[in-house]
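User: I would like a close look at one part of this protein, its aromatic residues. Please keep it brisk.

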Amino acid sequence: MSKIIEPLRGVHDVLPAQAPAWQYLERSAREVFAAYGYEEFRVPIIEQTQLFKRSIGDFTDIVEKEMFSFIDQGEDHITLRPEATAGVVRAMISNGLLRENRLKVWCMGPMFRRERPQAGRYRQFHQIDAEAFGFEGPDIDAEMILLSARLLRRLGLTRIKLLVNSLGTPTVRAAYRERLTAYFAAREAELDADSKRRLHTNPLRILDSKNREMQPLIAGAPALLDELDPESKAHFDALCAHLSDAGVAYHVEPRLVRGLDYYTRTVFEWTTDLLGAQSTVCAGGRYDGLVAQLGGADTPGIGWAMGQERIVMLLEKQSQAVPAERPQVYLVLGGERGEAEGLKLAERLRDVHPGLRLQMNLGGGGFKAQFKRADKSGAELALVLAEDELARGVAAIKWLREERAQEECPIDAISERVGLLLGLN
């Protein structure tokens, strides 16, 4: 026998039984984005490798260790996107969309990182991404956070916490980086291997270490919030005031940094204590210099990304009832003539009621087996079309979820009757 081909390590299938949770999340996201005036944007999953090196930073974990990069037949250096923001900014510039000055967009889809697979962390994963361009003030920061808060509430999720911080301007951060490097260099013997590697390349990432033994050392490090320039401090204070006025609880976390070099000023994360080490479910911040860095006009920007796998895991952990798209009608058919007429009737019902969810019995089977399938499908009604009914020009209507009397209806009037019974008219 041929050997079974297994999936690649770190990727996973979304099975039909799991799909309703994904559809619920994606449908909810689309509705919330529309309510806030954000437009859908679709960008490629492959880009030039240089895009991510210039945007994310050469000394980030993503660029150093995690990108899926290769050289194609034309000798172009190509990378499967590890995140969406850089591609969205590239697309905005290359399509001339930033000439319109202000834009609010969203996208969703797969991302790729060659990380060590574990629960909530995959090599192919999926994100919902929101981005806004051309807004300088803290009001857009607040709206971005409020939008994510509304989506999380819409999904019924609890036990999540909002963390906020400010990274200041690049000038402030450069000076802070020197202080931080000096602090950790004087205590290098206490650093773990990852932190020693980051010490002279990306010392801010040491603050984000999940190593418990490192936490006392990190707690004693200088805080960037104490060294903000006046404008960045005013921006952050205004953001906090907006969140308080909107009734959104938050925690100022001075050790919060993001793993990408392009962030400026506001950074934030939504975290949970239900998913173990992979506690972040949504994160983002401002990137006011990124558009210019990638060749566009100087344009402020802000965005966030939400991990779809982790949100689905939270829905399961909290036993949230996800509405499944069950059929409303199941066609039970008897004999060759019943099957032939059933196909015609099914199409007529779909023409009259475009939103009707109708499943037809296929592959034959006796009435007992067909009604068992009908019950398993979750349908509300069964329409029975067999030799006896066809001889009399009717279809039998049987309720599957309620104790109501079975009835018969002329086939010519069945579309109207089904619409009335299901509230479709």
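Which residues form one aromatic cluster? Take me through the ring pairs as well.

Analyst: A caution to begin with: this is a predicted model. The aromatic cluster is made up of Phe-33, Tyr-38, Trp-106 and Trp-304.

Start with Phe-33 and Trp-106. Their rings are stacked, at 5.1 Å centre to centre with 10 degrees between the planes. This pair links distant parts of the chain. Phe-33 sits in helix 1 (residues 19-35), while Trp-106 belongs to strand 5 (residues 103-112). The two are 73 residues apart. Both Phe-33 and Trp-106 are buried.

Now turn to Tyr-183 and Phe-184. Their ring centres are 5.1 Å apart. The planes stand at 75 degrees, and an angle over 60 counts as edge-to-face, so this pair is edge-to-face. Both of these residues are also on the buried side of the cut-off, which is under 20% relative accessible area. Tyr-183 counts as buried because its relative accessibility is 13%. Phe-184 counts as buried because its value is 0%.

Why give two values for each pair? A pair of aromatic rings is described by the distance of the centres and the angle of the planes. In total, the model has five aromatic pairs, including the stacked Phe-33 and Trp-106 and the edge-to-face Tyr-183 and Phe-184.

One more ring deserves a look. Trp-399 has a charged neighbour: Arg-404 lies over the face of this ring, at 3.9 Å from the ring centre.

Notes
Residues are numbered from 1 along each chain as its sequence is written. This is a predicted model: local features need pLDDT of at least 70, side-chain atom pairs count only at pLDDT 80 or more; totals for chains, interfaces and linings use all residues. Side-chain values use heavy atoms; hydrogens and water are left out. Rings of Phe, Tyr and Trp (its six-membered ring) pair if their centres lie within 6.5 Å; planes under 30 degrees apart count as stacked, over 60 as edge-to-face and the rest as tilted. Helices (H or I, at least four residues) and strands (E, at least two) are DSSP runs, numbered from the N terminus. Buried means under 20% relative accessible area, exposed over 50%, partly exposed in between (1.4 Å probe, protein chains only). A charge sits over a ring if NZ of Lys or CZ of Arg is within 6 Å of the ring centre and within 35 degrees of the ring normal.
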